[in-house]
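Hi there,

Here is the structure I promised to pass on to you. Please open it next to this email and follow along as you read.

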Amino acid sequence: MAGLEKAIEKCRVIVVCGPGGVGKTTCSAAIACRSAMQGKKAVVLTVDPARRLADSLGLEELGNVPSMVEHSAISENGGELWAMMLDSRSAYDEMVSRYARSPEQKQRILGNRFYQHFTSAVGGSHEYAAMEKLYDLAYNGGYDLLVLDTPPSLHAIDLLQAPQRMMDVVDESIFKWVIKPYLAAGKLSVQVLSFGSAYILKILTRFVGGEMLSDIADFLSSFQGMFEDFHRRAECVQKLLHDPATSFLVVSSSSPAGIREASAFYRELEKAAFNFSGFILNRSLYDENSVVDFGNINIVELLRSAGAPEEYISMTLAEKLWKNWKVYNRISLKFEHELQLLKKNLSRQAALVQIPLFERDIHDIGSLLEFAALLWD
Amino acid sequence: MKDIFNRRLLITMGKGGVGRSLVTAALVQCALKRGMKVLCVQMTSEDRLSPLLGCQKATSEVVETLPGLFMVNIQAMDALKEYAVMQVRLEFIYRLVFENRAVKYFIRAVPALKDLVVLGKILFHEKETDAAGKPLYDIIIVDAPPTGHGIFLLNIPSVMLSAVHSGPINREVRDMYKVLTDPTLTAVNFVSLPEEMPASETMGLYKKLLEEYHIPPGVLFINAVFPPMFNPREQDVVENLVAGKLRGDWRLRCLLKCAHMSIARHRLNRHYVELLRKKLPLDCIELPYVFADEMDSAVTGMLAEIMETEFAASGRT
């Protein structure tokens, strides 16, 4: 099994995915940090960093433009670290601005009530905004390495299909069937329409309410003419994701359940033919010695012969040390078992890194670099 | 401690991976123990609660999975269909209209619509009555989606009210809003971990739900608090031994390393427990880190017992 350094050395884009709460943001930031320290111009796109981590990366507020993180360890080596917190709302605003055919069209979309309410919260839209921004930075940013921290999802496929889902939503056929008839007919005069369209409209109006339908219709119709651009863009994003220099990392917790989740991600990525560079099993309570059978040991004796001060040595302490170790031992054994199953199905080039449970929070460049050192070794 | 079991609707909220389902399952067990007739609601592709309750799988239909426990896994598209058929009366019309490809895309383009019917379905169950006119369920316990989506879900009624001023949706959401913001009917229980990110997110979530959405809060559960394996004096001894770079047997070094990890973990956890208690004016229940290979109904039962002790300690439940 390869280490992470080797597995990602040829990558220009690294997509870090996995379920929620496993430390994806920390891993992403650490990878970018370390690469910058090695002299690269690296950028990390994060989704929802912890406050202090955000502060240390200079991300006081949402914004859709990367800002440079100053740190002597990085600049000394000629590298640059950039960071950005994704804000899907402004990503959409940017997209609209880019593709709008006229200032009027842009204003009409941005001013639409429906657009305002839902772009920031629409399911799957975070994923799409992330992909969109990734593409933008990959081709216009001049970076050596882009690390994308993704929104948590239980299925890799949610993330990867986001561009396609967006395409479906703005599909031209909505126009033919729903929007055009609606705009042509207005709420009251459905008679002028073909029987089929009129009927569908009538039912939909009853279901959704006329006012909302008109808002939605207006919203979708204001995108008219932009569909082709959207399609082209989605295709480009797909191509970037399948590029040989793009690779996926799966982060998961170091628990038996975490390993099973990680394997599920891996299978989905393989199935969709994405490049996979490895697993990061985070917050491991596992220690290589804690799976060994210690046999009968006399802890009091061991302490004594190691030269521990006599006042430190007691039976109670010995018992507690043993009890505490047994906890780790039990978890480690179970974990080891799942780990072997995972390794069996893994290619030799893929990395598999275990990170011990960090005893303190990681919220500055120094601790990020320490964390990254564990990833690299 | 306030009695949350006198509400009709308990909603469990928290970040992904903090143990929402485990807390939900333990609350369900507490309610069952009180002899209540419980409806337990999830809305995920994967049924996470039945293994934790040791019962058969939940489906999109309400099923009694244990005596007194009814479970349902609400799937948005199913709920939407149900609602649409209710509105347009006939299933074949539903198929004609809603299974039209363009309309399907259209509905996907309005994801709020899906969440709206999910919420509608939950509140429909709240209003369900038996032949005698008595509520069908004593309490409804909902395992909400992770924070971001969960907030969106609970905020839909007020967003919809501002966007839609008339029609059937307006009537529906007006009703939903009333139930969700009524402190005699609803409580949101928070689940957090004693770690930086979940803790700060919980504080943000609390502020948002209470100040912006006016949804009444219940109890804060701080999950997976690492237990003190050593007393303060023993902690000092271990730390001194570790700091002294004790040579000697590799097994001893391993024992000390594990002890050191436990102590550091415990200290870090205490820090965030105190922070959460200080910052949030909520009744708070700490749940211990569980050293089990798999989470199952025995683990749930253990946590439910801890909750019971805390509820009882207040003397008012």
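Let me begin with chain A. Take the contacts in chain A between residues at least 6 apart in sequence: 76% of them join residues at least 24 apart. Contact here means heavy atoms within 4.5 Å.

Before going further, some ground rules. This is a predicted model, in which local features need pLDDT of at least 70 and side-chain atom pairs count only at pLDDT 80 or more, while totals for chains, interfaces and linings use all residues. Residues are numbered from 1 along each chain as its sequence is written, chains are lettered from A and ligands numbered from 1 in the order in which they are written, and side-chain values use heavy atoms, with hydrogens and water left out.

**Chain A**

Chain A has 18 helices and eight strands. Both are DSSP runs numbered from the N terminus: helices are H or I with at least four residues, strands are E with at least two. Of its 377 residues, 57% count as buried; buried means under 20% relative accessible area, exposed over 50%, and partly exposed in between, with a 1.4 Å probe and protein chains only. Chain A exposes about 16000 Å², and carbon and sulfur atoms supply 51% of that. Such areas come from the Shrake-Rupley method with a 1.4 Å probe, and for residues only the protein chains shown count as cover.

In which order do the strands of the open sheet in chain A lie? The order of the eight is E3-E4-E2-E5-E1-E6-E7-E8, with mixed pairing. Strand E3 (67-69) and strand E8 (351-356) of chain A are at the edges with a single partner strand each, so one side of each has no neighbour in the sheet. On average, neighbouring strands of this sheet are turned by 25° against each other, direction ignored. Two strands pair if DSSP finds at least two bridges between them. Axes are lines fitted to C-alpha atoms, for helices over the stretch in contact, and angles run from 0 to 180 degrees between N-to-C directions.

Now look at some of the pairs. Strand E1 (residues 13-17) and strand E6 (residues 246-253) of chain A run parallel and are joined by five bridges.

E7(A) is mostly covered, as eight of its nine residues are buried.

**Chain B**

Chain B holds twelve helices and eight strands. Of the 317 residues of chain B, 56% count as buried, and the accessible surface of chain B comes to about 12900 Å², with 54% belonging to carbon and sulfur atoms.

The eight strands of chain B form an open sheet with mixed pairing, in the order E3-E4-E2-E5-E1-E6-E7-E8. At the edges stand strand E3 (63-66) and strand E8 (283-288) of chain B; each has a single partner strand, so one side of each is left without a neighbour in the sheet.

Strand E6 (residues 186-192) and strand E7 (residues 217-225) of chain B pair in the parallel sense over four bridges. In this pair, B:Ser192 stands opposite B:Ile222 in E7(B). Helix H12 (residues 297-313) of chain B packs on the sheet, touching E7 and E8 of chain B, and its direction makes about 150° with that of E8(B).

**Cavities**

How many cavities of 30 Å³ or more does a search of the whole structure find? The search finds four. A cavity is a set of points, on a 1 Å grid over the protein atoms alone, where a 1.4 Å probe fits but cannot get out; lining residues have an atom within 4 Å of a point. Grid points are joined across faces, edges and corners, and a volume is the space filled by probe spheres set on the points.

The largest cavity has a volume of about 60 Å³. Its lining includes B:Leu9, B:Met43 and B:Leu180. The largest share of that lining, three residues, comes from H6(B).

Enjoy exploring!

Terms used. On a 1 Å grid over the protein atoms alone, a cavity is a set of points where a 1.4 Å probe fits but cannot get out, and a pocket is an open set with protein on both sides within 12 Å along at least five of seven lines; lining residues have an atom within 4 Å of a point.
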